[in-house]
Amino acid sequence: MSLHAFVDESRRNNTYLLAVALVPPGQLHKFRKALRCLLMPGQRELHCKKETPSRRKAIASRLVEEQVSVRLYKRSCDQGDEQARQTCVRRLVEDLLRVGAHRLVLDSRAQRDQHDLLTIRTSLGHVALSTNLVYEHCRASNEELLWIADFAAWCYGSGGEWRERVMPVIESIVDLD
C-alpha cells in the first residue's frame, strides 16, 4: 500500500515524541478538507498548543471521527533533543520502507532540517534508488495533514484526559529507549 506520512514532534519533560500521521492516497483530499473546515476566520493553521481547551476537544474529536491513523515514536532526551529526534527519524524511515510508503513530509524546523535530511539519506543508504520514498520538509501552514501529527503528539504528551481523547487514533507506540 502506498502511504503518505506527515510528521511533527512534541517534547514533554525528558520525553521526545515524534508523531506520524499515515494517510492512504485516496484519503488525502478528504482529510485536508475536514481539517480546513476547523479553521477559525483568519486562522492559517491548527496548532494544538495555541488552541483553547474547548477547540482542542473539538479538533481531537474530529480526528477520531475521521479515523485518522497515527504512530508515535518515543525516546528519552538524556543525550539531547536532536539525538532523540534522529533516533526516532531513523526508525520511522525503516518502518515506512517496510510498509511501502511513498511520501514523507516533516514539519520544517528551518536550519535543523539538515539533520533530518542526513539521517534519512543515511537510513535509505544503498536502497535509496530502488525505493519510491520521496521526502521533504514543509511549514505546517502549507500542509494541513501535519496538523494531525501535531495534535496527536501534543495530546498524547499531555497525558490524562488529552491522552485518552487521542488514543483511538494511535495505532502504535514505538518506545526507542
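Histidine 4 is buried, because its relative accessible area is 9%; buried means under 20% relative accessible area, exposed means over 50%, and partly exposed lies in between (1.4 Å probe, protein chains only). This structure is a predicted model, in which local features need pLDDT of at least 70 and side-chain atom pairs count only at pLDDT 80 or more, while totals for chains, interfaces and linings use all residues. Residues are numbered from 1 along each chain as its sequence is written, and side-chain values use heavy atoms, with hydrogens and water left out.

Histidine 4 belongs to strand E1 (residues 4–12); helices (H or I, at least four residues) and strands (E, at least two) are DSSP runs, numbered from the N terminus. Not counting residues up to four places away in sequence, histidine 4 touches Ala21, Leu22, Val23, Pro25, Leu28, His102 and Arg103, where contact means heavy atoms within 4.5 Å.

Leucine 22 is located in strand E2 and counts as buried, at 6% relative accessibility. Leucine 22 and histidine 4 are 18 residues apart along the chain, and their C-alpha atoms are separated by 5.8 Å. Apart from neighbours within four places in sequence, the contacts of leucine 22 are Leu3, His4, Ala5, Ser69, Arg71, Leu96 and Glu171.

## Valine 134

Valine 134 is placed in strand E5 (residues 134–138). With a relative accessibility of 42%, valine 134 counts as partly exposed. Its contacts, leaving aside neighbours within four places in sequence, are His102, Arg103 and Leu104. Between valine 134 and leucine 97 there are 11 Å in space, C-alpha to C-alpha, and the two are 37 residues apart in sequence.

## Nonpolar cores

In soluble globular proteins, nonpolar side chains tend to be buried together. A nonpolar core is a set of buried Ala, Val, Leu, Ile, Met, Phe, Trp, Tyr and Cys residues joined through side-chain atoms within 4.5 Å. The largest such core here has 34 residues, of which Phe6, Leu35, Val70 and Ile148 touch the most other members. At least two residues of this core come from each of strand E2 (15–23), H1, H2, strand E3 (69–76), helix H5 (146–158) and helix H6 (160–166). H5 gives the most, with 10 residues.

A second, separate core has 23 residues, including Val7, Tyr73, Leu96 and Val174.

## Helix packing

Two packed helices are described by the angle between their axes and the distance between the axes. Axes are lines fitted to C-alpha atoms, for helices over the stretch in contact, and angles run from 0 to 180 degrees between N-to-C directions. The axes of H1 (residues 28–36) and H2 (residues 53–66) cross at roughly 160° and come within 11 Å. H1 and H2 are therefore roughly antiparallel to each other; angles under 35 degrees count as roughly parallel, over 145 as roughly antiparallel, 65 to 115 as roughly perpendicular and the rest as oblique. Lys30, Phe31, Ala34 and Leu35 of H1 make the contact with Arg62, Leu63 and Glu66 of H2.

Helix H3 (residues 81–98) packs against helix H4 (residues 113–124) at an angle of about 40°, with the axes 9 Å apart. H3 and H4 are therefore oblique to each other. On the H3 side, the contact includes Val89, Val93 and Leu97, and on the H4 side Ile120 and Leu124 are among the residues involved.
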